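Please read it alongside the sequence and coordinates.

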Amino acid sequence: MSSIKYQPVPSDEGEPIEAKSPQWIGKMCFLCTALFVIVFYVLSSVEDQLESSTQGYAGTSGSPVEFSLETSTVDARISSRLLDLLQETSTPSPWTEIIELSSPIAEYLTEAETEQEFYTEAQLDESTTLQVLSENPTETTTKDSYPLETASGEKYFVNSPKCQMRHPDPFASNIRKIYRRHHYIVCDRSPDMITVNFNQTTGTYTLHKNEGNSTCCYKRILRVGVRTMADHKYKLLPCEQFPQDFPVPTEVTSMITECRKSPHDKVSQTDAFSFVHPRKDSVPASGKRPSVLLWGIDSVSRMNFQLTMPLMYEYLNGQHWNELQGYNKMGDNTFPNLMALLTGFNKTYANERCRPSQVGGLDACPLVWKDFKAQGYTTAFAEDWSKFSTFDFMSRGFRNPPTDVYGRPMILALEKELRQTTVADMPFCMGRRSSGEYIYDLGVQFARANRNRTFFGMFWTNTFSHNDFSMPSAMDARMVQYMRSLDKNGVMDNTIIIFFSDHGSRFGQLRKLDSGFLEERLPFFYMRVPRWIREKYPEFMRNLRANRNRLTSPYDIHATLKHILRLDTAPEQLPRPEGCATCHSVFEEVDWSRNCSQAGIDEHWCGCDSFTELPSTDARLGAMSTQLVEAINQFVAGKKGAEKCHHLRVGRVVSLQQRGNTNAYLLQLYAQPGNAFFEATVNWDAETQRISIRVPSISRLDYYSYQSKCTSVKETKKFCIC
């Protein structure tokens, strides 16, 4: 950590008053003039001081000039922000009805105010910003003729001749009408009977029993599946009793524990724990190479992130995190968007090359963590909700563990062995913790255990966001705590952290609003780069800031991950994603006038267009809607395994909108039976009076899992009414 230099505070307070000679007065005038020059110099150079470890703060009028280091931590500012909101009752604010001081948040803020004993990199970075400037100031315009906010108040994330990406209001009245803020959900209020302690020096764990008269045992979780079931089976070993402060064997990576209070035989508490042991064959990194941590939440747009997670939003915008506001998804659901990020492939090529429906197909897939593994990095991947996980939903998954640390066996066991609490049809609680916390706890363990080595880890959750756009609010304060833990453990000193989502809400109430088109297409995306990279490669940071309001896609992030492995390589020598030859690292400046095609984004998923609503009497409406439903029927009929799906017919047409001045139209309609709600981009040929459509790109805007259980074909799920 850089040293902090304190400068003396010039003051004459307490000095005796005496008559001064004219010569003394002249000297005082000279000193005052010199002091004024110094103050002016400090103020003019404050931006340069933001990146240094010395803080200069110009006092307000009437106060002496003071140089000091103030612990302007994110926690203090969040406390101040919440207090301001509570006091400003006379001023209408979108926050006042949304933010409430629930007990977990209040507990978090109280804890934060007491933890000032040392400075981490992120806290030091923030304390030197003086709360005057941020490293990533919001641009007011991209080009003079294309402002991000017009005189009429229209706002844009991206505004260029080829991309006008509107900025919907997260706090619009129709959104707030359906939004229900959730408090943190405590899955089990009973005191912990076991505490896991980690020794950073030895890299070992011990189990401490918190009640002296208890007896406890553990069941080791093993991955035992083979062939088609390799990624879908686990085994519990017999429960093995352990003594006080029991050292966890290095071969144990997860366990379920049972504790009994003497003299009773009944189990008093069942719990579960994961353990990340440092690799025995790994060595500390030689030279400076950054680690990479991907920290993801499913189905959260950047608008909904601001609405549901205000504390995390405030935290990220108060530190050295760079947001990509023009980040646009490239495919429908999680699989294509994460495959584009992890492999650089589009969905078609990903299915051909990686063969997820075949045993061993994904094992041969060139996922980017293999590149990091080849460079000596320790790797990890974990995801909750095993039934719908990215690589296992209607797929074979991995025959062998894909990474050094793999969380799936633990999740399979916990979902089966522990008590579950379901929220919005999601397995929110598993035993004593939420499903998402098991994943993020594993992420913190992984980063901490490998802090002095280079690593690549991806930790992804679905169970507090996928089915209910309001649910991320339950994990808001908890997510800030996770970031603070990474900071305290020193992880941020050498780790590029990407906090992101794959897409927004794809169905439900929020998706059906006027803003729903952009809500689905614009996931949130933040990146934090360690100080040493910011200092060594200032051009990377200039480009990253410039890209804040440029159109970007998952292909660009894949190129960025490749770039991280070769930071000193010239841009023209870096590899380009297979699915988008015009995409590149976001450490390079993105073309301001870029369009969706150049970002590898298909027309239907592009968030750049403006729309013109056409009247319900438009002569083309009947032909378009009939041909669309018939295209769906033909697609489903051609798939083996979808024979039980009903033949659909047009129900009610909701809207028809023209995209820009093109022959592309956005069509929304209900189909029967089942009242299925579809949205499609169709291209209209005025000569033939026919549409052209890519059926797999059609969106289904209502919840359909219960209607499509009779089909075994993944591609037909959203079209099938059983």
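Buried means under 20% relative accessible area, exposed means over 50%, and partly exposed is in between, with a 1.4 Å probe and protein chains only. This is a predicted model, in which local features need pLDDT of at least 70 and side-chain atom pairs count only at pLDDT 80 or more, while totals for chains, interfaces and linings use all residues. Residues are numbered from 1 along each chain as its sequence is written, and side-chain values use heavy atoms, with hydrogens and water left out.

**Overall make-up**

- The protein chain has 19 helices and 28 strands, where helices (H or I, at least four residues) and strands (E, at least two) are DSSP runs numbered from the N terminus.
- Of the 722 residues in the protein chain, 55% are buried.
- Among contacts between residues at least 6 apart in sequence, 72% join residues at least 24 apart; a contact means heavy atoms within 4.5 Å.
- The protein chain exposes about 31,800 Å², and carbon and sulfur atoms supply 50% of that area. Accessible areas come from the Shrake-Rupley method with a 1.4 Å probe, and for residues only the protein chains shown count as cover.

**Disulfides**

- A search of the whole structure finds nine disulfides, each defined as a pair of cysteine sulfur atoms within 2.5 Å.
- One of them joins Cys216 and Cys259, with sulfur atoms 2.1 Å apart. Cys216 lies in strand β7 (residues 214–223) and Cys259 in strand β11 (residues 254–261), so the bond ties together parts that are 43 residues apart in sequence. The link of Cys216 and Cys259 is right-handed, with 110 degrees about the S-S bond. Cys216 is buried at 2% relative accessibility, and Cys259 is buried with a relative accessible area of 2%.
- Cys580 and Cys583 form a disulfide with sulfur atoms 2.1 Å apart. The torsion about their S-S bond is about 75 degrees, so this disulfide is right-handed. Cys580 is buried at 4%, and Cys583 is buried at 0%.
- Cys710 and Cys722 form a disulfide with sulfur atoms 2.0 Å apart. Both cysteines lie in the segment after β28 (699–700), so the pair ties together parts that are twelve residues apart in sequence. The link of Cys710 and Cys722 is left-handed, with -95 degrees about the S-S bond. Cys710 is partly exposed at 25% relative accessibility, and Cys722 is partly exposed at 39%.

**Salt bridges**

- The structure holds 30 salt bridges, where a side-chain nitrogen of Lys or Arg is within 4 Å of a carboxyl oxygen of Asp or Glu.
- Lys261 pairs with Glu211, the closest N and O atoms being 3.6 Å apart. Lys261 is in strand β11 and Glu211 in the loop between β6 (204–209) and β7, 50 residues apart. Lys261 is partly exposed at 32%, and Glu211 is partly exposed at 24%.
- Arg408 forms a salt bridge with Asp231, with closest N and O atoms 3.8 Å apart. This pair links helix α12 (residues 408–417), which holds Arg408, to the loop between β7 and β8 (234–236), which holds Asp231, 177 residues apart. Arg408 is buried at 6% relative accessibility, and Asp231 is buried at 1%.
- Glu520 forms a salt bridge with Lys329, with closest N and O atoms 2.8 Å apart. Glu520 is in helix α15 (residues 516–521) and Lys329 in the loop between β14 (321–323) and α9 (334–343), 191 residues apart. Both Glu520 and Lys329 are buried.
- A network of salt bridges links Asp188, Asp192, Asp271, Arg432 and Arg433.
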